[in-house]
There are 2 protein chains.
Amino acid sequence: MKQALIKDLYRNTDSFIEQKVQLTGWIRTIRDSKTFGFIELNDGSFFKGVQIVFDEQLENFKDIAKLPISSSIMVEGEFIYTPQAKQPFEIKATNIVVEGTSNVDYPLQKKKHSFEYLRTIAHLRPRTNTFSAVFRVRSLASYAIHKFFQDKGYVYVHSPIITGSDTEGAGEMFRVTTLDLDNPPKSDEGKTDITKDFFNKETNLTVSGQLSAESFALAFRNVYTFGPTFRAENSNTARHAAEFWMIEPELAFAELPDTMDLAEEMVKYVIGYVLEQAPEEMNFFNSFIEKGLLDRLNNAYTANFGRVTYTEAIKLLVESGETFAYPVEWGVDLQTEHERYLCEHVFKRPVFVTDYPKEIKAFYMRLNEDNKTVAAMDLLVPGIGELIGGSQREEREEILAGKIKDLGMNEEDYWWYLELRKYGGTKHSGYGIGFERLIMYLTGMSNIRDVIPFPRTPGNAEF
Amino acid sequence: MKQALIKDLYRNTDSFIEQKVQLTGWIRTIRDSKTFGFIELNDGSFFKGVQIVFDEQLENFKDIAKLPISSSIMVEGEFIYTPQAKQPFEIKATNIVVEGTSNVDYPLQKKKHSFEYLRTIAHLRPRTNTFSAVFRVRSLASYAIHKFFQDKGYVYVHSPIITGSDTEGAGEMFRVTTLDLDNPPKSDEGKTDITKDFFNKETNLTVSGQLSAESFALAFRNVYTFGPTFRAENSNTARHAAEFWMIEPELAFAELPDTMDLAEEMVKYVIGYVLEQAPEEMNFFNSFIEKGLLDRLNNAYTANFGRVTYTEAIKLLVESGETFAYPVEWGVDLQTEHERYLCEHVFKRPVFVTDYPKEIKAFYMRLNEDNKTVAAMDLLVPGIGELIGGSQREEREEILAGKIKDLGMNEEDYWWYLELRKYGGTKHSGYGIGFERLIMYLTGMSNIRDVIPFPRTPGNAEF
């Protein structure tokens, strides 16, 4: 008896012809007439299931026929090759053993459920078609990212999650503490005595691993992070979560255009990888989640991404004659409506916008010669807007120190970051990509809560 | 002019013979006589550097000769093949341009520094031989883990970091909050009003992703997590950090022996991968960090790991006649001294100890028929002790619910975990491996602070 996974039945069909196989899995659907029945069995290894035919020859025929869906079973039977039929094969059961029955109140009955409802049963939703596809693609895309960078010799850095500093100088952060909130130790001035906290100072959850990545790039040249990051923003939108994963490559001896070349290559690589590894899932998204998804991805895969400066982009938006909710003029930050207009209507493909006004970008971005803009880039993609943000980093110690001072940031937090410029600093550049946004881009899913296994948003940390 | 990485010079030496190359990197050492000089250049791409020979033909010869170490430079020159010499090649510079000079107070001068001191300059230590080797191996081992599981079709699950529950039912956890610690909102009873917190309830940093992984294993069959976990234990040892990464595979339709087969295969795979991908680094560890490291790893790679029950192990320890600091009898938890004695002296190879007394193991482990032990396993390895801990999970709803109740755990937190047993539950098993402990095992480094880029321990969250 050959133990098999359903994935193998589909991928290596030939090797199973006329074989007896043993499968284990869960009943997705079951129907029976008086003398025989059909089970669609899914074993988790593959998007699709396999049809099991069973009949009265089984001594437990009646018990099997009554099983609620989602029961787990072991099936032994003959692999029946049916190349002419809609399903290329089925299993004729000779033995079925019940592992675990399911209750009849199992919430995932055949009827279609709203994504909102499925979020309330996040422990069960990976058993649905949509979420099995989403989370398998999420896994494959994670691996594609690692493979892309490792094949190029990049060093993966686990940047710290608990941090004493605030990378962006502006993020809303989660406090991490072991103090008793009901009865915290007090200093002489009556304030909470943070020197009594676990780390003897105030600590928060990281908003970015970039500064750590810079430190490692100045040793290993090419590095990347891939880890969770956090924002304590009280915004209940379809695009924001309090906890999300981010990838941040950082390259020494590299300027802004190098980051764009890398980002373009990376996005194409990940698209190619999931299309190749998960064709069933991607076709499902194209049919049931976003019509035209495959066209959009194939277009990105084959196009040369556009490149335009912020100043040119503003001009294009102003001259478009389009009415935007947020008016456009030089100096404003681009809103999602502007970003999507640029890539969906003007360029009709992904486009990098570069050289933003320094006032609307982060302190560490390299000041351009014009003294007005910084060497920053955002990658805008159809359907999403901003997918990636990056920059060349300010490597000139005096300019960087001046900026930290001017912005009223806590200089002491950045002693080591400034030292990176003091001891053999060099041009370096990098970018960050929100991993969930990438998954939304790849799958067409429109709510970030539906691409995270157990999403964390304001008021919601269930499971 | 061929832009090159030093890694390529070593790995594809032939293709550079008689070529002109351009390199960028940092000066590791520099020495000069009146008319010529030598630079050891490291560009971060490879463990070793390359020797640059420069002389008075360079118009900036005198400036170059005075450069402090760690300055970053661009070098153009001829690749000189010297197969008879100690170094198989060198670069005869025709042009050197300074990118960033280093200050003369650069802390990593040639003299040897203690690991303790280097922790205080964690932003610079990856530039030393030891830490460049450690963190490159850490990156490669991370990737080996992903590759191992992905090649088997396992789904990578990003389990949540912020959590409302406590997996182990006993961990010391970090609180995550957005409340103002100096002035928290109060409830009518004068306690901190946690309904006003970001998630409207108490949340903490996760100690394990296992429960989430179980939920996904009952959909995808074979899954794994790989993410940061946290313990707020105030223990200052060489083996404990407040923040560390963990890998937790979980397998549906699998029993305890399946986890041992998988764990043994995984450990061997990672050993093989780093030995193949980082021979220079591994030789360095063998010479300078732990003599005999390579023998130890090769032994593990080729051995069949031992398997012994806890009950037999206790007998072996008692009968050994060895005096232990912690006395041994049936029922006690094994200490590191016992673990190391078993694998280093009794088995002389990695060994799984199985079927521990239920009282010393976690609530979710499957009760054996003897009603005294649980289907748990620990993998003990020479030099470390416990490397992996795993178990078959209790799939019987009544037994699990009873255990949660008996232990006084908060039953409401586990409604969804119990539901996994109600709707087609099945045998399932998994294990956890602390990633840092694996890196210590692979490198011979003896302090966990020296295998984490920016370690977090009591009183220490610098950088």
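Predicted model: local features only at pLDDT ≥ 70, side-chain atom pairs only at ≥ 80, totals over all residues.
Student: How many helices and how many strands does the secondary structure of chain A come to?
Tutor: The C-alpha atoms of chain A, taken along the principal axes, fill a box of roughly 85 × 60 × 45 Å. Within chain A, the secondary structure comes to 13 helices and 17 strands.

Student: What share of the contacts in chain A with a separation of 6 or more comes from residues 24 or more positions apart?
Tutor: Chain A has 463 residues, and buried residues make up 60% of them. Among the contacts in chain A with a separation of 6 or more, residues 24 or more positions apart account for 67%.

Student: What is the area buried between chain A and chain B?
Tutor: The size of an interface is often given as the accessible area that is lost when the parts come together. Here 109 residues of chain A are in contact with 110 residues of chain B, and in chain A the residues A:His158, A:Leu181 and A:Tyr423 lose the most area to chain B, together 9% of what that side buries. Carbon and sulfur atoms give 61% of the area buried between the two chains, which is about 9,100 Å².

Student: Which helix of chain A gives the most residues to the side that touches chain B?
Tutor: Across the interface of chain A and chain B there are 48 residue pairs in polar contact. The element that gives the most to the side of chain A that touches chain B, with 13 residues, is helix α4 (residues 129–151).

Student: How do the residues of the side of chain A that touches chain B divide into nonpolar, polar and charged, and what is the count of each?
Tutor: Charged residues take part in salt bridges between the two chains, and the count of these between chain A and chain B is eight. On the side of chain A that touches chain B, the residues divide into 51 nonpolar, 37 polar and 21 charged.

Student: Which residue stands opposite A:Thr177 in β9(B)?
Tutor: Strand β9 of chain A and strand β9 (residues 175–177) of chain B are joined by three bridges, and the two strands run antiparallel. Within this pairing of β9(A) with β9(B), the residue that stands opposite A:Thr177 is B:Arg175.

Student: Is A:Arg221, the salt-bridge partner of B:Asp43, buried or exposed?
Tutor: The closest N and O atoms of B:Asp43 and A:Arg221 are 3.8 Å apart. The pair crosses between chains, from the loop between β3 (36–42) and β4 (50–55) of chain B, where B:Asp43 lies, to the loop between α5 (210–220) and β11 (222–230) of chain A, where A:Arg221 lies. B:Asp43 has a relative accessible area of 0% and is buried; because A:Arg221 has 9% relative accessibility and the cut-off is under 20%, A:Arg221 counts as buried.

Student: Which residue of chain A forms a salt bridge with B:Asp105, and in which helix does that partner lie?
Tutor: The closest N and O atoms of this salt bridge are 3.7 Å apart, and the partner of B:Asp105 is A:Lys422. The pair crosses between chains, from B:Asp105 in the loop between β6 (89–100) and α3 (115–119) of chain B to A:Lys422 in a helix of chain A. B:Asp105 is partly exposed, with a relative accessible area of 42%, and A:Lys422 is partly exposed as well, at 21%. The partner is thus A:Lys422, and its helix is α12 (residues 415–422).

Student: How many residues apart in sequence are the parts that the pair B:Glu264 and B:Arg307 ties together?
Tutor: B:Glu264 forms a salt bridge with B:Arg307, with the closest N and O atoms 4.0 Å apart. B:Glu264 counts as buried at 11% relative accessibility, whereas B:Arg307 counts as partly exposed at 38%. B:Glu264 lies in helix α6 (residues 256–277) and B:Arg307 in strand β13 (residues 306–309), both of chain B, so the pair ties together parts that are apart in sequence by 43 residues.

Student: Where does A:Asn200 lie in chain A?
Tutor: A:Asn200 is not a glycine, although it has a positive phi of about 60 degrees. At 43% relative accessibility, A:Asn200 counts as partly exposed. Its place in chain A is the loop between β9 (175–177) and β10 (203–205).

Technical notes: Residues numbered from 1 in each chain as written. Chains lettered and ligands numbered in written order. Heavy atoms only, no water. Helix = DSSP H or I, 4+ residues; strand = E, 2+ residues; numbered from the N terminus. Buried < 20%, exposed > 50% of the residue type's maximum accessible area, 1.4 Å probe, protein only. Contact = heavy atoms within 4.5 Å. Buried area = accessible area lost by both parts, 1.4 Å probe. Salt bridge = Lys/Arg side-chain N within 4 Å of Asp/Glu carboxyl O. Polar contact = N/O pair within 3.5 Å; in protein donor to acceptor, adjacent residues only side chain to side chain. Nonpolar A, V, L, I, M, F, W, Y, C, P; charged D, E, K, R; others polar. Pairing = 2+ DSSP bridges.
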